[in-house]
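Reader: Hi! I've got a protein model open and I'm new to this. Could you walk me through it?
Author: Happy to, just bring it up and ask away.

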Amino acid sequence: MKDVITAGVDGTPESLSAIVWAAQEARLRRARLRLLHAWVLLAPEPAPGPVPEDDQNYWPHRMMDEAVTAVRTRFPDLPVDPALVAKDPEEALQEAAAESDLLVLGSRDLGPVSRFALGELGLKLMVHTGCPTVLVRARRGTKADEPGGEVMAGLSLHEPCEALLAFAFASAARRGAPLRVVHGRHLPSYAYNRGGGVEPIAAEEAAQDAREELSAALRPWQEKYPDLTVDARVVLESPAPALLHSAADAGLLIVGRRHRHRLPGHRIGHVVQAAVHHAPCPVAVVPHE
């Protein structure tokens, strides 16, 4: 553990929500919070002190001052490290992520259609960083420093899941919140009759098999966290809608993604794609090999 959480600062409402969420997480983890703003045109600063409005660095300083004030107003005892870096934002945030336990970014809310925009920078960072990335939206009527609701994890039983379960159980335990684990699974072909209907007995057999697999995957973690309330659910539908249908009242949604070092491009699975664009709460994306 590096005991550092990094949040990106860019002066937007989404960034501010992410900063406050990151501060709350840092308080829960007893970690330091690093606030990072990167700009390739940042001018050298020979001496500390107030920055005049005509200075080239005035706006980066103003954004950072507002971010620091927002954190210290809510969490006056939290260690905060503001950093203005004269680098490309992607490069600077990737370097910071390598030195952090968590990277927190803002993600734009597009309003009544309940869809969110993950920008090009956020996509690159989420795909290529080795630490978990949390995407936070600015939403009216919510307080990022007062997280509520269950912690929820979407679990595939066909890929490695230890990193995701470690993150999910620890997150729920820190918050004193229940953990809901959802596994979505398509019905097997034998569960359908010739008319296209579902055979109830076959469907129940498939569901029972999935429940047993899910229970086996969770058992070691429930033994490690015996006081944590865990709600394990099997939903017989496509994993992405199964996850979203269960996430309406979640306070944090956790999904996993393969950490592909050698493949080019920005690739995320359809479940992660659905979560980061449609889930109504902060989304943590946990990489695994």
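Reader: Where does R30 lie?
Author: R30 lies in the loop that runs between α1 (13-29) and β2 (32-38). One thing to keep in mind is that this is a predicted model.

Reader: Ok! And is R30 buried or exposed?
Author: R30 counts as exposed, because its relative accessibility is 79% and the cut-off for exposed is over 50%.

Reader: What about the phi of R30?
Author: Phi of R30 is near 55 degrees, which is a positive value in a residue other than glycine. D3 also has a positive phi, near 60 degrees, and D3 is not a glycine either.

Reader: Where is D3, then?
Author: Look at the segment before β1 (4-8) and you'll find D3 there. With a relative accessible area of 38%, D3 is partly exposed.

Reader: Let's move on into β1. Is A7 buried or exposed?
Author: A7 is found in strand β1, and A7 is buried, with a relative accessible area of 0%.

Reader: Which residues is A7 in contact with?
Author: If you leave aside neighbours within four places in sequence, A7 is in contact with I19, A22, L33, R34, L35, L36 and V104.

Reader: And how far apart in space are A7 and A23?
Author: Going from C-alpha to C-alpha, A7 and A23 are 8.7 Å apart, and they are 16 residues apart in sequence.

Reader: Zooming out, how many helices and strands does the protein have?
Author: The protein has 8 helices and 12 strands. Of its 289 residues, 46% are buried.

Reader: What share of the contacts comes from residues 24 or more positions apart?
Author: Counting contacts with a separation of 6 or more, residues 24 or more positions apart account for 78%.

Reader: Oh, pockets! What volume does the largest pocket have?
Author: The largest pocket has a volume of about 600 Å³. Its lining has 29 residues, and S156, E159, P239, G256 and V271 lie nearest the centre.

Reader: Which strand or helix gives the largest share of that lining?
Author: That would be β11, with 4 residues of the lining. Each of β9 (179-184), α7 (239-246), β11 (250-258) and α8 (270-278) supplies at least two.

Reader: How many of the lining residues are nonpolar, polar and charged?
Author: The lining of the largest pocket divides into 13 nonpolar, 10 polar and 6 charged residues.

Reader: Last topic, cysteines. How many disulfides does the structure hold?
Author: The structure holds 0 disulfides. In general, a disulfide is a covalent bond between the sulfur atoms of two cysteines.

Reader: So are C161 and C281 buried or exposed?
Author: C161 is buried, with a relative accessible area of 12%. C281 is buried as well, at 3%. Both are called buried because the cut-off is under 20% relative accessible area.

Terms used
Residues are numbered from 1 along each chain as its sequence is written. This is a predicted model: local features need pLDDT of at least 70, side-chain atom pairs count only at pLDDT 80 or more; totals for chains, interfaces and linings use all residues. Side-chain values use heavy atoms; hydrogens and water are left out. A disulfide is a pair of cysteine sulfur atoms within 2.5 Å. Buried means under 20% relative accessible area, exposed over 50%, partly exposed in between (1.4 Å probe, protein chains only). On a 1 Å grid over the protein atoms alone, a cavity is a set of points where a 1.4 Å probe fits but cannot get out, and a pocket is an open set with protein on both sides within 12 Å along at least five of seven lines; lining residues have an atom within 4 Å of a point. Grid points are joined across faces, edges and corners, and a volume is the space filled by probe spheres set on the points. Ala, Val, Leu, Ile, Met, Phe, Trp, Tyr, Cys and Pro count as nonpolar, Asp, Glu, Lys and Arg as charged, and the others, Gly among them, as polar. Contact means heavy atoms within 4.5 Å.
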